[in-house]
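These are my notebook entries on one protein chain. I set down what I looked up, in the order in which I looked.

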Amino acid sequence: SANTEPGVCARAGGAYITSWEPGQNPLCIDGYARVPGLGADDGARNSGDAVHMEYGGGVTTVIGAASVAVPGTPAALAELHRRYGALPWSACLEPAIELCRSGFPLPSACHHNLKFTGRKIFGRSAAGFRALHPDCEQLADAGDLIVVPGLADSLALIAKEGVDAFYKGDIGRALISHVQAGGGDITRQDLESFEPEIRPALKHNSNGWTLALPPPPSLGGCMLAALLTLPAAGTDPVDAMRRGLAYRRQHIDFATDLPATTRALLDAAQHQQLPHYR
């Protein structure tokens, strides 16, 4: 998914990975993206370029090299493999390398997203635009084969040299050069010092199941658990989603104590006390 869902997932992104071994407490590998700029001057920084898209009813996002944070997904996946991997690291990457080299079908969800983002975001890169617009004009259809230039070679290098190829090798140097040339702040120190954090997972009991969730500052797992709890108790799924997202807007998005606030959300869902909002 990190390699074959353009516009939705990315290898050089951020990730929370929750694992739970039998007889052990669940844990979360926090490889979320970090603010860049270690070892750099503390002067004014470029904040990137704001663009508005009609996706999801209308959203404004910041793009460009100056918006790039320090990627954590590769380090988190490497830590997951170090702890639990049975196959060699290179074998784990083989299926993705093969797909990226021969071409992968564009997923329908990505196609829907790219109808809004394909030109405004990926159109900034000539190679990226050509990969998604094979006739140099129209977006590829869902199911069409996509080949992202250089992606298979990058993955093959990471498979051969390990995750250091990304953080300390040729890929990292290319990343720093590209970002800094575009006004971004990622430094060599940012990449070389990146280590995922290991946190206790948040446990939540729901309808006879015990769920292990990424803890704050991640909110996705807590929101999903709350939304799953309400429909199981007879709440209409659409209404459950509206109530959960409204609760987040009202109580969580600007909260200063996320652990307490997310626990309150889960308790409210558990006791069917999420209010209706107009």
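**Entry 1: Arg188**

I began with Arg188, which is exposed, with a relative accessible area of 60%. I took exposed to mean over 50% relative accessible area, buried under 20%, and partly exposed in between, with a 1.4 Å probe and protein chains only. Arg188 lies in helix H8, residues 188-192. Helices are DSSP runs of H or I with at least four residues, strands are runs of E with at least two, and both are numbered from the N terminus. I then looked up the distance from Arg188 to Asn113: the two are 75 residues apart in sequence and 32 Å apart in space, C-alpha to C-alpha.

**Entry 2: Source of the values**

I noted that this is a predicted model, in which local features need pLDDT of at least 70 and side-chain atom pairs count only at pLDDT 80 or more, while totals for chains, interfaces and linings use all residues. Residues are numbered from 1 along each chain as its sequence is written, and side-chain values use heavy atoms, with hydrogens and water left out.

**Entry 3: The whole chain**

I looked up the secondary structure and found 11 helices and nine strands. The C-alpha trace spans about 50 × 45 × 45 Å along its principal axes. For 278 residues, a compact globule would have a radius of gyration near 19 Å, and the 21 Å of the chain agrees with this. The radius is taken over C-alpha atoms, and the globule rule is 2.2 Å times the number of residues to the power 0.38. Of the 278 residues, 39% count as buried.

I next looked up the charges: the chain has 23 positive and 28 negative side chains, and the centres of the two sets lie 3 Å apart. Lys and Arg count as positive and Asp and Glu as negative, whereas His and the chain ends are not counted. Each charge is placed at NZ of Lys, CZ of Arg, CG of Asp or CD of Glu.

**Entry 4: Cysteines**

How many disulfides does a search of the whole structure find? The search finds zero, a disulfide being a pair of cysteine sulfur atoms within 2.5 Å. Cys92 is in no disulfide, and the nearest cysteine sulfur, that of Cys100, is 15 Å away. Cys92 is partly exposed, with a relative accessible area of 41%. Cys110 is likewise in no disulfide; the nearest cysteine sulfur, that of Cys9, is 7.0 Å away. Cys110 is buried, at a relative accessible area of 1%.

**Entry 5: Prolines**

Is Pro71 buried or exposed? I found Pro71 buried, with a relative accessible area of 2%. Pro71 lies in the loop between strand S4 (59-63) and helix H1 (73-84). Not counting residues up to four places away in sequence, Pro71 touches several residues, among them Ala12, Phe166, Leu191 and Phe194; contact means heavy atoms within 4.5 Å.

I also looked up Pro217, which lies in the loop between strand S9 (209-213) and helix H9 (220-232). A cis peptide bond joins Pro216 and Pro217, with omega about 20°. In general, most peptide bonds are trans.

**Entry 6: Gly162**

I ended with Gly162, found in the loop between helix H5 (151-161) and helix H6 (164-167). Gly162 is buried, with a relative accessible area of 17%. Leaving aside neighbours within four places in sequence, Gly162 is in contact with Trp89 and Leu157. The C-alpha atoms of Gly162 and Ala75, 87 residues apart along the chain, are separated by 10.0 Å.
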